[in-house]
Amino acid sequence: MCPMVSLTEFTRTLVPGSTRLKEAEAEVARLRQRVKAERQQSNDLKRELKRAKRGVQKLRAQVAALEDEVLDTRLPEDVAATVRGVRAEHLTYLPITHLSTLASTVLDIEADGIPGALVEAGTARGGSAIVMAAAKAPTRPMYVYDVFAQIPPPSDRDGADVHERYETIAAGKARGVGGELYYGYRDDLYREVSESFARHGVAPETSNVQLVKGLFQDTIDLDEPIALAHLDGDWYESTMTCLERIAPLISPGGRIVLDDYYAWSGCRGAVDDYLAEHPGFRREARGRLHLVREG
């Protein structure tokens, strides 16, 4: 252990030509060189970051161009315009390619003449439901279920990933698409969604669309065939409620699209548990998990 030296004694050693002063001067020189090198490294990293940002911007532009090509080749222009419109307004978390697949699925159901209503359970700001409404025949009924408020809490059937996500939401720290206000924090989401439907040419009152506000267990009570159900319930209990009340009504050749199967453990567990007890559905991976009713 080095002996303690008082400040006065130490300063007396720092006389011109002393060993202690030379060591101090050398240390200062080394520190200056280190600071200079770190500043140079920082400048290099800043330049690299700028180059990376420019590269990301170019890639985003290329992706946008490719997405437009996909829409132009797969969808009628009016439906493609709706897809672009809801994405531009940040009305959905779905990427444009998955919206395109959802719209194409509705168009296929119309072309194949599969009977039944369309259902969306869990609509957030309404973007995907608006696309479905734009693609369906005007006479086909559609039901859109949501609490139109903050999402209900998960249960003990959900995993740690779900509970962590809910803690973020409950703490007011969730962010919406494009950095906008998260949909669960909005004051009158029902009105916003209704106005968005109208703004994109599929006003509920003229397009055979019903917006149904409330918890799934309190509102989903259908007794008619369903051609397509888009389920976006996130957690175990909400997904299981939807499956129990909707899956038995799916017409042969109709399908259920599970938005969160690959995203949240609760949804995945509910789907796997339901299918283990209820055969008759074929799985298809089309960006999201599709369950096709056989028969």
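Predicted model: local features only at pLDDT ≥ 70, side-chain atom pairs only at ≥ 80, totals over all residues.
**Notebook: strands, sheet and pocket**

Residues are numbered from 1 along each chain as its sequence is written, and side-chain values use heavy atoms, with hydrogens and water left out.

I then followed the two strands and saw that strand 1 and strand 2 run parallel, joined by four bridges; two strands pair if DSSP finds at least two bridges between them.

Is strand 2 buried or exposed? I found five of its five residues buried, so strand 2 is largely enclosed by the rest of the structure (buried means under 20% relative accessible area, exposed over 50%, partly exposed in between, with a 1.4 Å probe and protein chains only). Met142, Val144 and Asp146 cover one side, and Tyr143 and Tyr145 the other.

Next I looked up the sheet, which is open, has seven strands in the order 3-2-1-4-5-7-6, and shows mixed pairing. Strand 3 (209–213) and strand 6 (281–286) stand at its edges with a single partner strand each, so one side of each has no neighbour in the sheet. Neighbouring strands are turned by 15° against each other on average, direction ignored. Helix 5 packs on this sheet, touching strand 1, strand 2, strand 3 and strand 4, and its direction makes about 170° with that of strand 1; contact means heavy atoms within 4.5 Å, and axes are lines fitted to C-alpha atoms, for helices over the stretch in contact, with angles from 0 to 180 degrees between N-to-C directions.

Last I turned to the largest pocket, which holds about 730 Å³ of space. A pocket is an open set of points on a 1 Å grid over the protein atoms alone, where a 1.4 Å probe fits, with protein on both sides within 12 Å along at least five of seven lines, and lining residues have an atom within 4 Å of a point; the volume is the space filled by probe spheres set on the points, which are joined across faces, edges and corners. Of its 37 lining residues, Ile151, Tyr183, Asp232, Gly233 and Asp234 lie nearest the centre. Helix 9 gives the largest share of the lining, three residues.
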